[in-house]
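Let's walk through this model together, one piece at a time.

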Amino acid sequence: MTSGQQPDPWVAKLNTLSARERDILREASAGASDREIASKLVISVSTVKSHMRHILAKLEVKSRHQAADVWKNHPLTDIRAE
């Protein structure tokens, strides 16, 4: 960020996500269904849905598509690598 440039508010919101929430958002952003995410992360579908509700609340968006757009359009290389 250069001087005078405002910080990206999405970065702060993305930073509130837990590691597991980031895992789920990463998979959802790649187009995975709840069932596919659950299988890959070895958790239940209801756990995926619960995490997704938390993600939507933390990002203050209404849909998983909006959350995926935030993830895709606000690069956080350092966070995504965790």
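In which loop is Glu60 found? Glu60 sits in the loop between α4 and α5 (64-73). Before we look at that loop again, a word on what you have on screen. This is a predicted model, in which local features need pLDDT of at least 70 and side-chain atom pairs count only at pLDDT 80 or more, while totals for chains, interfaces and linings use all residues. Residues are numbered from 1 along each chain as its sequence is written, and side-chain values use heavy atoms, with hydrogens and water left out.

Let's begin with the overall plan. Of the 82 residues, 34% count as buried, where buried means under 20% relative accessible area, exposed means over 50%, and partly exposed lies in between (1.4 Å probe, protein chains only). Contact means heavy atoms within 4.5 Å. Among contacts between residues at least 6 apart in sequence, 60% join residues at least 24 apart.

Now find helix α2 (residues 19-29). Its buried residues are Glu21, Arg22, Ile24, Leu25, Glu27, Ala28 and Ser29. Just after α2, Gly31 takes a positive phi of about 100°.

How does α2 meet other helices? Two packed helices are described by the angle between their axes and the distance between the axes. Axes are lines fitted to C-alpha atoms, for helices over the stretch in contact, and angles run from 0 to 180 degrees between N-to-C directions. Angles under 35 degrees count as roughly parallel, over 145 as roughly antiparallel, 65 to 115 as roughly perpendicular and the rest as oblique.

Take helix α3 (residues 34-41) as the partner: the axes of α2 and α3 come within 10 Å and cross at roughly 130°. That angle makes α2 oblique to α3. On the α2 side the contact is made by Arg20, Asp23, Ile24, Glu27 and Ala28, and on the α3 side by Ile37, Lys40 and Leu41. Sorted by class, this contact has four nonpolar, no polar and four charged residues. For these classes, Ala, Val, Leu, Ile, Met, Phe, Trp, Tyr, Cys and Pro count as nonpolar, Asp, Glu, Lys and Arg as charged, and the others, Gly among them, as polar.

Next comes helix α4 (residues 45-59), whose axis comes within 10 Å of that of α2, with a crossing of roughly 95°. α2 and α4 are therefore roughly perpendicular to each other. Arg20, Glu21, Ile24, Leu25 and Ala28 of α2 make this contact with Val48, His51, Met52, His54, Ile55, Lys58 and Leu59 of α4. By class, seven nonpolar, two polar and three charged residues take part in the contact of α2 with α4.

His51 lies in α4 and is buried, with a relative accessible area of 19%. Leaving aside neighbours within four places in sequence, His51 is in contact with Arg20, Glu21 and Ile24.

Back in α3, pick out Asp34. At 16% relative accessibility, Asp34 counts as buried. Not counting residues up to four places away in sequence, Asp34 touches Val45, Val48, Lys49 and Arg64. The side chains of Asp34 and Arg64 are joined by a polar contact of 2.6 Å; a polar contact is a pair of N or O atoms within 3.5 Å, and within protein one must be able to donate a hydrogen and the other to accept it, with residues adjacent in sequence counting only if both atoms are side-chain atoms.

Finally, visit the loops. Most residues other than glycine have a negative phi. Val42, in the loop between α3 and α4, has a positive phi of about 55° although it is not a glycine. At 72% relative accessibility, Val42 counts as exposed. Glu60, where we started, also is not a glycine and has a positive phi of about 60°; Glu60 is exposed, with a relative accessible area of 61%.

A polar atom of the His74 side chain lies 3.1 Å from the backbone oxygen of Val70.

Notes:
Helices (H or I, at least four residues) and strands (E, at least two) are DSSP runs, numbered from the N terminus.
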